[in-house]
Amino acid sequence: MAVDISDPAFLEGLKRKERARQRPSWLRLAIASLLLVAYLVPFYYLFVTIFKTTDEYLRSSVLDLPNSLAPFWDNVVQAWTLGGMGRASINSMSYAVLGAGLATALAAAAAYGLTRLKLRSANAWFMLIFAGTLFPFQMFLVPLFFGFQRTGLINSWGGMVLVYTAICIPFPLLVLRGSFGAIAREIDEAARIEGASEWRVFASMIVPNAKGALIALFLIQFTFIWNDLLFSSILAGSPEVRSIMVALQALQGTYSSTGPNVVVTASLLSSVPTVLLFIFLRRYFMSGLQLGT
Amino acid sequence: MKIKTLMASAAITASAWTAAAAQDATFYYDKNGWDEGFAALIEGASEASGLDIAGQQLTPTDRYQAYVMSSIAGGAAPAIFTWWNGKQLDSLVETGEIADLTELWDEAIANGWFSEAERELFSVDGTPYAIPLNVARWPVLYNKDAFAAAGIDAPPATWDELLADADALKEAGYIPFNAPAVGGWMGFIWFSELMVRTDPDAFVGLTDGTVPYNGPEVQRAMEIWTDFYERGYFTDAREQDETRFMVNEEAAMYLIGEWTAGILANRGMEPGEKIGAFLMPPVDAETENTVIVEAAPIVFSADAMEEMPALMDAARYLMSPEAGNALGQANGIYSGNLMTDAPNAIVSDVNAIIAEDAPRSVVRWWEAVPPELQGDLVSQMNAFMLDPTAENAQRVMDDMQSLNESYWAFQ
Amino acid sequence: MQAPQTPPISAAIRAEAHRREVAARRRSGRVALVFIAPALALVALFLLLPVLFNLGLSFTRWQRFSGLDEFGGLMNYQRLFMVPYLSEVVINTAMWVIGAITLPLAFGLGLALLLRGVPGEGLFKALFFLPRVLAPAAVGTIWFYVYAPDGVINTLAGAAVGQEIDYGWLFESHTITPAIIMTFVWQTLGINMVLLLLGMAAIPRDPIEAAHVDGASSWQIFRHIIWPLLLPTVFVVTILNVIAGFTAFDLIWVMGNGYPAQRSLSLAVFMYYETFSNSRWAFGAAIAVMLSALVILVSWALTVMQSRVEARIR
Amino acid sequence: MASVDLKDFVKLYGDHVAIKGIDLHVEDGEFCVFVGPSGCGKSTLLRMIAGLETISHGDLTIGGRVVNDVPSRDRGIAMVFQSYALYPHMTVRDNLGFGMKIAGQDKAEIDRRREGAAEMLGLGPYMERRPSELSGGQRQRVAIGRAMVREPEVFLFDEPLSNLDAKLRNQTRLEIKRLQQQLGATVIFVTHDQIEAMTLADKIVVLQDGRVAQTGAPLDVFERPRNLFVAGFIGAPAMNVLPAEMGEGPVVRALGLEIPVEPGRFDLPPAGAPVTLGIRSEDIVPEGHGQRPQTGADLSGQVKFSEVLGNESLVFFDVGGVELVSRMQRPRPVREGEELSFRIDGTRIHLFDSETETTLRRD
């Protein structure tokens, strides 16, 4: 039987049939959308609350729409000034950028030393560093608090950067050991023959070839440090070095009599950097997940 | 190699951090929200002593205490720091690191700044080791408009009057008492007040292990407390904004430390105009009239005092009426110095009441109780406030007593 | 075929070879150590040393103002079993571990299956994932008000049944832990879903298509092909969840703020409470050791199970 | 350009002896090929020269300078890897320029050399591409270009053609040879492919189990294999090897034949002594094909199968239970089981000592 594929009507018919076969399941879409709406209720609450005054909040139902958008700025200003969030966000930003940056860089250097250079018992060295992640954070609290207290590192900006850097080293090391190991060995041999020093091989050959993993790791560690409450609340108690999450908690705490509208606004403010990073660098976040497993 | 320069710069930065504190002495405190007042105190202390004194706030309280304790255990007590009186001060003084301030107190009493009663609050075994940052009595603050609306013309002077006024306020649409349980510590307020109003000696006995938490004395206080809840005298203990019901005038009375007057003033309830104060009357006429006093001490390291005798001048300043006035003006806090101006109408009201009735002072439960028991017991009291039934009261009393027993058994 | 004979390698040559090898290795080993040293130093100083110190501490009597010198033997470990509310701590921790393992996994799996191939899958994924990048402290703060007596949950439930509800979810001993766990699930189900979707994407199409041809139903395909092949991913997710469940702190700390017996909400909180609120440093250290032992034991057991399962698939 | 001298090379990996004492001289401008089966140590040897492996014992001299302890980058060498080892994150231009850039060469010089190499190798159109966007042959040329711009004293090639398809391999082989001649470069080239070795080399070094089995010009190695191993390895198909016995005359007895031996060419053992006989397939000439050898022995056998290559066929046949292969020029179809007659060229036989497997030839 001959088929005339030059007949447009025939082709249209075929296309229609194919499309029908691939039609998405609208039922599943409907269920998924419904679940999503339920899932996002707390966000709805968040977005109506930041536009309410304290008085409005206390007198209306939590789900009511705000009377006007104007109170938002006042809430922001209150959260910002009462909670000392300005200073705290600068602190947290510096901890997160420096801690995550240094940790990723140092882990990369260590991974280079472990995978690309002839080192006896490289595996043992790796296990030694990686052993740091075996333990839950609670295991570090008492020694770090008192160790920092004795050495004067407590309540210091530098101490915070150091401790965050150290905590954030083992995981990137694990990941980078894998990524670096996957880069062809001949690449660095070729570069070495061409006159590259070890530092040069590391910086010009290995690092650029693992850029995706490095960015993803930086993002994961950045988010961890920015979001951390445990270490910062224990090691940074003075207002000068307080982190954003500690400031948020202080705002919610005993002595302040701020309304839920201000506290919720502060929660939103404290989440802005990580959410923005997530929106713009989602690809790296998701690939970072894959690295973790 | 670049790594070397990197490490070298890291070493330089590290040494810079540790060399940061170049002052003669640092004044540590955990009271956040009093920054302005502390700034004034520290400036004055520096001027008076000629020393370069720096202020350092550390929060929250548990880690502040850990910091100070660890410093002392490490042999490097902070030169000046705020602490708590009662059992907390006892164990601090036991370390032997705290300066004896007997001469300074003799001087202060001679000057008429303080009375012997205050000296006692800051002493361990008769020796004063601390000076007052703040002395706060615990009256009942009340909304004058609410009282007027309920037809009450004078604060209650007897227990029966108190109950009658509470009923009248309820009738007028008010909740008689604001009683939040936020922050994990407010549970003891009504417990200890009712103990003091029924049996002040038993209250003191509770704090040294001689009176059980499930004995008849406590049973009686808990019955009253349960009864008050049944009568609908209290606000919802789950409210997180502790002054909300006072500020929006749903509740009429608030049993709390004097310093709350400052917070209420900030939220538009002017002391004297809208807010008044009275001491809660005893339940029985024959019960001794008593006032609960909260005292925040400032202590000095014995070593630092020896090294820098000028620190005594700083201490003298911190005890002085000028320092008291500075703190009062900045944060509405009363230092207890008799020669300062009362920072607000509430303090002057309470001063007048005490001058007239001369009640017995007892240390607040929070400071009087052994620190190891504080948290465990107060959380039981909080639990009662969230479920104020007779059965729960019994359970709470039994649990408190078993905690109490096991603590004292260890001593 | 026989090789031409040359004299055997002499001992002198072997020695020389060894010397040259060692020299070369030392050279490159030295360079390697320069690269490793900063990371190693930081980790040793801030993670490994503290672990040892903590272990040592747990055998002392150290608390409040006392010095470090008093040896206490197993005192702190015995003390743990004398804590009157230990059973609450254990039950709550168990609820956390079981809840954190099963719930995010179950919801994440259901969602992953539901979302596969749905139009706008990427957007759905991103939105369900979003809470994960928020700080637990911020999430806890928001959910604290969501659960409040006049909060979102009670308002919605009240509207549904037509009468006012002011239940204190976070103030009642039998609802607080489940409530916080649900918040945890809300925050982590996205990452569970994404990881499972990644795992599913890695499953080859061939066996699924073969099963289709053999006439298997969707459920049979899931039960007999997708699930077994997904098991390794499930284990990875489970291990992550177990650790998160054991060590959850921020959420409990923030959301349990108003709950009177906050100290009993989990081992992690109990440890913090005894250490900092009660100033029992050595006791806190001992609780941390117990917690670590549990976490390591459970994740080790899961790892063993995982390698068994993987061996069976191969 | 420079000469390369290996003196007494030994390589140990723990207890395993990989290189067992090698002396070698590579002339300035010479194309030297290391050939041998996998595991013979040829790549190890090259990597020792490159400085990627330590030299356990012995000295390496490049251009008159002992460079044992000189790092790779200062040995004046360039290397082309089997996998090309192009820098994946750099464009072709940057790949070519990287070495000069880190050596601090000025830009004009970099450009000059880069353009020179690009033109010579026809890389012009690909300069801005990344390695992943190039075909195998193009990558190969970039790898060679990267070696060229360094203007090294010695080029090292590690099986550079093995990842190319057959046609491209032949083409690139020619190109490499032409380039070497153009540059007058000293080249050390490793391969397992004896055809590559024969076509490229000025000097072939046949390696066997960590030792040099034979060194020499390609034809020399082909004509006069020093031992059975070389005889079997060089030449395709492999030489027919069969046990034999010396007879009077002198003749060598095998397969029930008596093949006359040119006296004077061999150091012959006494009659009756066992020897090993080697005959290349082209020296067993089927009846009616090619030129019939003057001296030799006739035999007939039953065809087992044949491999048709087009211009010639390989005929595998059976003589009294021994399988031999013969090369049939201008082939005709043969059937399995067909009886064929052959003549062995007596002037071209190889004789080896049965014990030592070394050649009995005098020259």
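Colleague: Which residue stands opposite D:Thr276 in β14(D)?

Modeller: This is a predicted model, and that should be kept in mind throughout. Opposite D:Thr276 stands D:Pro243. The two strands concerned are β11 (residues 240-247) and β14 (residues 274-279) of chain D, which pair in the antiparallel sense over 6 bridges.

Colleague: In what order do the strands of the open sheet in chain D lie?

Modeller: The order is β13-β12-β11-β14-β20, an open sheet of 5 strands with antiparallel pairing. Because β13 (257-260) and β20 (350-353) of chain D each have a single partner strand, they form the edges, and one side of each has no neighbour in the sheet. With direction ignored, neighbouring strands are turned by 40° against each other on average.

Colleague: Let us turn to the chains. Which pair of chains has the most contacts?

Modeller: Chains A and C do, among the 5 pairs that touch. By contrast, no contact joins chain B and chain D, and their closest C-alpha atoms lie 14 Å apart.

Colleague: How much area do chain A and chain D bury between them?

Modeller: The size of an interface is often given as the accessible area lost when the parts come together. For chain A and chain D this is about 1,700 Å², with 62% of it on carbon and sulfur atoms. On the side of chain A, A:Glu189, A:Ile193 and A:Glu194 supply 41% of the area buried against chain D, more than any other three residues. In terms of contacts, 17 residues of chain A meet 22 residues of chain D.

Colleague: How many salt bridges cross the interface of chain A and chain D?

Modeller: The rule finds 2 salt bridges there. One of them joins A:Glu189 to D:Arg47, with the closest N and O atoms 2.5 Å apart. Across this interface there are also 8 residue pairs in polar contact.

Colleague: Which helix gives the most to the side of chain A that touches chain D?

Modeller: That is α11(A), with 7 residues. Both α11 (185-193) and α12 (198-209) of chain A supply at least two residues of this side. By class, the side has 7 nonpolar, 4 polar and 6 charged residues.

Colleague: At what angle do helices α7 and α10 of chain A pack?

Modeller: The angle between α7 (residues 122-130) and α10 (residues 170-181) is about 145°, and their axes are 9 Å apart. Among the residues that meet are A:Phe126 and A:Ile129 in α7(A), and A:Leu173 and A:Leu174 in α10(A). The contact has 6 nonpolar, 1 polar and 1 charged residues.

Notes. Residues are numbered from 1 along each chain as its sequence is written. Chains are lettered from A and ligands numbered from 1 in the order in which they are written. This is a predicted model: local features need pLDDT of at least 70, side-chain atom pairs count only at pLDDT 80 or more; totals for chains, interfaces and linings use all residues. Side-chain values use heavy atoms; hydrogens and water are left out. Contact means heavy atoms within 4.5 Å. Buried area is the accessible area (1.4 Å probe) that two parts lose on being put together, summed over both. A salt bridge is a side-chain nitrogen of Lys or Arg within 4 Å of a carboxyl oxygen of Asp or Glu. A polar contact is a pair of N or O atoms within 3.5 Å; within protein, one must be able to donate a hydrogen and the other to accept it, and residues adjacent in sequence count only if both atoms are side-chain atoms. Helices (H or I, at least four residues) and strands (E, at least two) are DSSP runs, numbered from the N terminus. Ala, Val, Leu, Ile, Met, Phe, Trp, Tyr, Cys and Pro count as nonpolar, Asp, Glu, Lys and Arg as charged, and the others, Gly among them, as polar. Axes are lines fitted to C-alpha atoms, for helices over the stretch in contact, and angles run from 0 to 180 degrees between N-to-C directions. Two strands pair if DSSP finds at least two bridges between them.
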